[in-house]
Amino acid sequence: MSQRGLWRRASLRALFLLLAGYGLGVFLGHPWLVTTVALFGLLVFWIWQLYRLDQWLDDADAPPPEASGVWGQLFGHIHDIQTRNREEQGLLSGALDYLRDSLKSMRDAAIIVNTNGYVVWMNVSAEEMLGLEPYGGVGGALIELVDYPEFAKYFTAQNYQRPLRIDPVEKDGISLLIQISTFGEGDRLVFLRDITEHFRLEKMRKDFVANVSHELRTPLTVLKGYTETLLTLDDELTGKIQKPISQMDMQVQRMEVLVRDLLWLSRIESVETREKTGSVNMSGLLEEVAYYLGAVWPERKIALDCTETDDVLGDFMELQSAVSNLIVNALKYSDPRHPVSVRWFERGDNKLILEVSDRGEGIAPEHVPRLTERFYRVEKSRSKQTGGTGLGLAIVKHVAAAHQAELQIESELEKGSTFRLVFANSAVTTA
Ligand code: ADP
């Protein structure tokens, strides 16, 4: 029977009971008394059904009480809702278990932290990495468990766009890469990866390049001394070998520049993750660079436009070398008839921009993503002619990373190129 039909039948039954009670009452001479008794009987029956409902709800696993009519339907409805809830809960907890299992099985440490920074859950790798007993970290403050000052700063600053890398302070210490993402209402999922081995190999490579470059300096100085002396001798003595000597001298000079750039790159790399504390006046720095490059390239014009007066948190020498590389490239690879434009300004989004533009030969799009690789050249002949080492843009990229700045490159063949250093707001202090 339909739901409505059942209710209609229940109402008719109640009405019939009342009328029958009243009829019987008239027959017995006490109509109201008998009607009241009938009503009371109905009430007792409903209270009895409600009592059964309450008993049943206490024991969620029991089947619903047997009943007919509207009560049977009511119990059936509640039973259906309970079954559906149970199924949904099962699905949800299955999905949750699946997620937990996948996080649990990760080799990286995974930690879930609540809005207040306390650990809600962590996998076994996290417990091992932090040297904790099983479940020993749950409920603890994460910044106390991951006990590095740079982590505490990173965690509380809540700017997790870039991962944090912690390099070992002691020789046998571990190196960590930390990534955090937020979810829900301020909860955080923290991943810690042990990159000690990667760090060790990278350090070996850096040390090797730095050592080789360093060792090459002495023989190069000696060679340079000889070629310079030979070049000052009379033509009579060096007549036939004059040309090879000057070529040797040129190559020695190239090697010297190469070694200088390699050493400089190693130095920048070794301090890249250290926080910059110096305050650099960019307008002053640009004027200085434009002045001495103007002396080297007297026939060229460098158009300087500085509208920003705020200082940048950074290292003067590093920024100077990045800016010089960008301007020298613009001078090398552009039409001498056009000036090179250098701008330092604040953009609409409050970021500070250093922009070097030229109207030169430009770079084809397929080369742009690779320009900052060491020794990458668009055309070998092009940079051979201009005497570049192929390390200039690698230096710029590392200086940018060390200053939390981004290097952006826009270029169009035959039109020119724009190299932009975009400094994050946090890198800036107001003078
Ligand atoms: P290099 O010492 O060869 O100039 P860089 O790392 O400074 O090395 O630059 C890499 C390559 O990018 C250069 O060889 C050149 O082909 C290209 N390049 C750099 N800057 C410009 C520019 N302003 N215009 C055109 N090409 C450029």
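**View 1. Glu414 in the loop between strand 11 and strand 12 of a predicted model.** Glu414 counts as exposed because 8 C-beta neighbours lie inside 10 Å (a residue is exposed if 12 or fewer other C-beta atoms, placed from the backbone, lie within 10 Å of its own, buried if 20 or more do, and partly exposed in between). Residues are numbered from 1 along each chain as its sequence is written. Because the model is predicted, local features need pLDDT of at least 70 and side-chain atom pairs count only at pLDDT 80 or more, whereas totals for chains, interfaces and linings use all residues.

**View 2. Gln404 in the loop between helix 13 and strand 11.** With 18 C-beta neighbours inside 10 Å, Gln404 counts as partly exposed.

**View 3. The contact of helix 1 with helix 3.** The axes of helix 1 (residues 3-28) and helix 3 (residues 69-104) come within 8 Å and cross at roughly 140°, where axes are lines fitted to C-alpha atoms, for helices over the stretch in contact, and angles run from 0 to 180 degrees between N-to-C directions. The two helices, helix 1 and helix 3, are therefore oblique to each other (angles under 35 degrees count as roughly parallel, over 145 as roughly antiparallel, 65 to 115 as roughly perpendicular and the rest as oblique). Gln3, Leu6, Trp7, Arg9 and Ala10 of helix 1 meet Gly69, Val70 and Gln73 of helix 3, a contact being a pair of residues whose C-beta atoms, placed from the backbone, lie within 7 Å.

**View 4. Gln3 in helix 1.** Gln3 counts as exposed, with 10 C-beta neighbours inside 10 Å. The C-alpha atoms of Gln3 and Gly69 are separated by 9.5 Å, although these residues are 66 apart along the chain.

**View 5. Residues 426-431 and the confidence of the model.** The chain has a mean pLDDT of 89, with 96% of its residues at 70 or more; pLDDT is the predictor's confidence in each residue, from 0 to 100. Over residues 426-431 the pLDDT is below 50, and this stretch has 19 contacts in the model beyond near neighbours in sequence. Where pLDDT is low, the predicted coordinates should not be read in detail.

How values were computed: Helix = DSSP H or I, 4+ residues; strand = E, 2+ residues; numbered from the N terminus. Contact = placed C-beta atoms within 7 Å.
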